[in-house]
Number of protein chains: 4
Amino acid sequence: MSDGAPRRLRLGMIGGGRGAFIGAVHRIAARLDDRYALVAGALSSDPARARLSGRDLGLDPARTYAAFAEMAAAEAARGDGIEVAAITTPNHLHYPAAKAMLEAGIHVICDKPLTATPAEAAALAGVVAASGKVFVVTYNYTGYPLVREARHLVASGALGGIRVVQVEYAQDWLARDLEATGRKQAVWRTDPERAGIGGALGDIGTHAYNLASFVTGLELAELCAETTSFVPGRRLDDDAQVLLRFAGGARGQLWASQVAVGNENGLKLRVYGETGGLEWRQENPNELRFSEFGGVTKILTRGGPGQSGTAMAATRVPPGHPEGYLEGFANIYRDAADLIVAHLEDAPVPESAALLPGIAEGVAGMNFVAACVASHQAGGIWIKP
Amino acid sequence: MSDGAPRRLRLGMIGGGRGAFIGAVHRIAARLDDRYALVAGALSSDPARARLSGRDLGLDPARTYAAFAEMAAAEAARGDGIEVAAITTPNHLHYPAAKAMLEAGIHVICDKPLTATPAEAAALAGVVAASGKVFVVTYNYTGYPLVREARHLVASGALGGIRVVQVEYAQDWLARDLEATGRKQAVWRTDPERAGIGGALGDIGTHAYNLASFVTGLELAELCAETTSFVPGRRLDDDAQVLLRFAGGARGQLWASQVAVGNENGLKLRVYGETGGLEWRQENPNELRFSEFGGVTKILTRGGPGQSGTAMAATRVPPGHPEGYLEGFANIYRDAADLIVAHLEDAPVPESAALLPGIAEGVAGMNFVAACVASHQAGGIWIKP
Amino acid sequence: MSDGAPRRLRLGMIGGGRGAFIGAVHRIAARLDDRYALVAGALSSDPARARLSGRDLGLDPARTYAAFAEMAAAEAARGDGIEVAAITTPNHLHYPAAKAMLEAGIHVICDKPLTATPAEAAALAGVVAASGKVFVVTYNYTGYPLVREARHLVASGALGGIRVVQVEYAQDWLARDLEATGRKQAVWRTDPERAGIGGALGDIGTHAYNLASFVTGLELAELCAETTSFVPGRRLDDDAQVLLRFAGGARGQLWASQVAVGNENGLKLRVYGETGGLEWRQENPNELRFSEFGGVTKILTRGGPGQSGTAMAATRVPPGHPEGYLEGFANIYRDAADLIVAHLEDAPVPESAALLPGIAEGVAGMNFVAACVASHQAGGIWIKP
Amino acid sequence: MSDGAPRRLRLGMIGGGRGAFIGAVHRIAARLDDRYALVAGALSSDPARARLSGRDLGLDPARTYAAFAEMAAAEAARGDGIEVAAITTPNHLHYPAAKAMLEAGIHVICDKPLTATPAEAAALAGVVAASGKVFVVTYNYTGYPLVREARHLVASGALGGIRVVQVEYAQDWLARDLEATGRKQAVWRTDPERAGIGGALGDIGTHAYNLASFVTGLELAELCAETTSFVPGRRLDDDAQVLLRFAGGARGQLWASQVAVGNENGLKLRVYGETGGLEWRQENPNELRFSEFGGVTKILTRGGPGQSGTAMAATRVPPGHPEGYLEGFANIYRDAADLIVAHLEDAPVPESAALLPGIAEGVAGMNFVAACVASHQAGGIWIKP
């Protein structure tokens, strides 16, 4: 490889075999900027499926593993072993898989929520700290350029002190008991053994909470949650409504629902401060509305006039050429590559890479879920997360 | 007058003099369908302003009163006295003004919130009952054709059993201490002596709550509220965030804010049921989004294909010719005229008139505000309204 | 009447009886600001329908006329005769009705297009000039506050020299041969005897052309038109596509269609200059998009920050409380009242009234239609209007 | 490589070196689905820049060529030479570069417009035919899933016979003489020596024309064009307005502009038939509006309910997870890979690959530009393309 091209990292994948959803997303995200070479995988807990999935991807059969522990051992022993592993399994495997990789000296990019339980999250934080390795959680919505611009606006004081945060994430795909049909995505997400303590809370509520935190920088002080399992027989929440009290006096509401008929992937954030307000919708992510008190509302566009360097760094094509979910996800991967390379080369961390959600954000997400569950179980009381 | 034209009612107005906002709205609403003749007024508590305001409107000086009590007495004594009074004063005068009118045998159309306190609301309910007169509260957003269509859809079962209600009413005009500048609209709305116990809660929260109730028909069982006065020195709430538990299991969130920078008059309702969902925004009131689970989202339009008779009855011009705030308000007035005429002529009440918000809805609104205030004062506990 | 109230004008109406559409719109528009008293009418060319329509409106039977000529004579002879007549008939009656009124000394507010033919338009211009009376054409879309703001922006140089104008008016109600069902609105609009030389061109193309002229102030130099009657058997155009060359070098396109399935009343204007651009859609008339080269797009709102005095004068309620078609139409009526009163009292014409479309704009509209027809008939050549 | 993975093609790139825009887009598009390995390049006509650009991309220096002719010869001589070349140069090099590749037995993916002149286009058609190789033109907007759905809807008769086509492509980046600043993208696009006979016409007008043709399947019979160079000193058109007559009676308008201030990349298509209409906007490409006469408008979503197999085949992630410009572009590349593999393996062409724009569409685009230029030069007459 010419020394002019950015370094490509050897990547292994855990989960993401045939029938999975998010694994394919991770692979495209990893490919988009050519910063990774997928060379190994433990793609399924079913050995036959793991093998076939490896063939689908053109992996070397010798590096197509039946189990992640096996991959950790074998790859660590190779001179050209994987440098980083992407974990795309159901939630209950995040902790053991991440632990295995980190202890084998392999950096980790892990899907959200961090783990199945807050106890696992705390344990994982210890493992990460002990390992000294890079750990990234794919709160991928923070990869959108205009989300980074929104963060920049708040941080730069363009809204004044924050007063109100409204965040919501509405879907409808679980409005019926899809799990009864055997559809894989639904089955594990509604099963406490595999999803963990949160249903909609864990799957999308953590995204919403992280997004609000990322953009505003506010610390959550207390919350009061009402969670519901609307579909008869469902064991985990499919709707959660939460009041938020932030340190410093800001107040907010969070809504996560997978039964809101007519919503596909309705993640939306609104932030209001003393002097300004902003609004961003994931389903039309190339626009950010920004208002200053007494002025007219402006439509900021990805790549358009006045965008900060941070936002521009996350942008690939000119304004009006829409970027979407995969590009935002790919920004996480590109920044993770920069972060890992900086680590490998003991070089300074680039500004964008410093924005990446890591173990702390992963733990905060699990604590948020746990606090919501506890609040609700106590009849809807205020709880510190 | 030819017996072919609908009967015009003699109308008196209380409040709405120079410098007022909502009084002019009531007058346009009353004029739009030619069902009222404004013939008398107690337009201001300031006698000079009352007189000048009467001149502005071309009222007979003999029927331009300095006080509503005087108007009640004088008009009741005339053979051609007013049949109905519109009350458009600050909140604290709603109760005494309405009482004076009703006890003088005059029907009442009263602005919201019903009164300044729940105690007054309860007392007024007694007065209305004793009077046998028509009493309408101008929860004007129920006059929008597509709001009535939304109600029709829910009632007809098009959404299945309701699960989630999301309602919000966001403005920004009080994001700074406008009251310090002396602007009349802000001064009385932030003054507990005149506005009553609720700030944003009373001014717009009651609208939001009423809208959700009107469309869904759900009964509120419990609420948990977080209210804030963000602007330093303000004595009433300017932001309120509320969790709602409805009888029968539906859950919801309500947000009312007058400090959400970038929002002009952002009243929005979303309702999700077992099989369908709908969304309506007051700022673009000629569209109603309706989704059935598994189907594509449809944009229903005012006056467009498939609209119910109820919605069509509230529509004046063809689809694509936008109707707005004043037309919706005028529907309340037109229906009120129908209701009063039915009362006067001992005739059946037309279907649309039966939809009008009355004393019960007014009382419910005050109880909602009181419950929010009590919940918040107790630290954010669940309360039955 | 107190001398404090604006003068109310005595109004007679021609056309607008039972089954009509635009007559009811004119009546609401006239009522909205209380500047007119409807006291007489020649509401239908069918005497029985005229009589019944008068009863519907509560007119004095003695002033409910069977023919406009009769109304002109009788009202001119009364001391309290009408001061102004609203003409809301099918197009072919505009000329004789207007002529009768003007020659009887009655001011005229006339629906569009001005007449059935350009020859009539020219003749009417002579009649108006000879009469010395006020003549207003209800190009009602010029009554929208944000249309006036758009004109103000162009006139103030905010866009620099104009380069491109894109205007369109798309509907779909004539996508099938509705006239075969006997529906009154369709029957006369597709009949050359009553509609005149233009179909979609006359009915909505004139609106589009006028809107573009009103906002830009540009003079049309040449046009090239392609018109079509898509519905088999239809004798007038139901779709017209036109290239426009303006004096000074600006270029543009106009599209008027009544067969564009999915469009209700899609009037839209876009104007682009050397340094700025703007966009306005009638179906969401409370927003105006304005862009400056190199800047972000701003959403100007009716009544919102930065609006000119001209736009504010046409605004009744605060931003976020949508105004619509009827309010825009009412602005024409209010301004017409101001204009007539200024004429009657020999007083200066208020600024807004000076914006009213009159006989010149009516004639220009007819010349535009005639030029389109001629261009098309010649195979699609460039023609000076 | 496992035989389970789809075959990866060896790709060479012509143009797309440092400072270029579209080359990077092609590379991401080629990577997204892992169907290509970029192994060679003639990345710039400046040898130093070519070498450095190759280093940036990690190319083998031995396969980083200073000229495309050199690349054609050298690669054709290798056993592992490139199988396909992507041409991403300014327009005037498309013809010689494509000719060189095809004659060396290399398949070609070529950017649009096809060539600089219609004569070159005709010549290239001969070369392609003689070569027997695959030739794809990156009219990338046909890669959007909902564009393919739109085509499917029209072809399936959901709109009835087509009557009206409205297509536009509006940008503003050339509203000033950006070429005077030396910005590379602007310099060559406004230079007839490199861009060819069309300015906005060639750069974006061909996209608009192709999109309309792709979706409707209509054949253009005649056109009448008005083209303008608004920016003083510019030698090519920066705005083009065109009337379209299609065989079979449909009529349409096309507008392409690079001076429409406030527009970033505003490609929009509307198609109206006897029974239905549809509307698609490139800037929000995950929605397609579809209306049936007499029904309400439906919002079809990418990946959502009711999508055809054709559209689903072009979709990577679930509805609500927006895909954009790069994914659409990548669909062209993926389909091209399928087409080339089918050619190499003498296998049937997959359905999606059969949709790819090829030499015929490229020639049609050049003929469209040439006809517009000729029409305008003749004063705006109707011309057969």
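A: One definition to start: two residues are in contact if their C-beta atoms, placed from the backbone, lie within 7 Å. Keep in mind that this is a predicted model.

Q: How many helices and strands are in chain A?
A: Chain A has 13 helices and 14 strands. Its radius of gyration is 20 Å, close to the 21 Å that the globule rule gives for 385 residues, so chain A is as compact as a globular protein of that length.

Q: And what does its C-alpha trace span along the principal axes?
A: About 65 × 55 × 40 Å for chain A. Buried residues make up 65% of its 385 residues.

Q: Switching to chain C. What about helix α11?
A: Helix α11 of chain C covers residues 325-344. It reaches 29 Å from first C-alpha to last, close to the 28 Å expected. Of its 20 residues, 17 are buried, so α11(C) is largely enclosed by the rest of the structure.

Q: What comes just after α11(C)?
A: There, C:Asp346 takes a positive phi of about 55°.

Q: What rotation superposes chain C on chain D?
A: One of 180°, with 0.0 Å of shift along its axis and an RMSD of 0.0 Å. That is the relation of a two-fold axis.

Q: Which residue of chain C comes closest to the rotation axis?
A: C:Ile381, with its C-alpha at 3.5 Å.

Q: Why do you say the copies meet through the same surface?
A: Because 100% of the interface residues of chain C are also interface residues in chain D.

Definitions and conventions: Residues numbered from 1 in each chain as written. Chains lettered and ligands numbered in written order. Predicted model: local features only at pLDDT ≥ 70, side-chain atom pairs only at ≥ 80, totals over all residues. Helix = DSSP H or I, 4+ residues; strand = E, 2+ residues; numbered from the N terminus. Expected span 1.5 Å × (residues − 1). Buried ≥ 20, exposed ≤ 12 C-beta atoms within 10 Å, placed from the backbone. Rg over C-alpha atoms; globule rule 2.2 N^0.38 Å. Least-squares fit on C-alpha atoms with pLDDT ≥ 70 in both.
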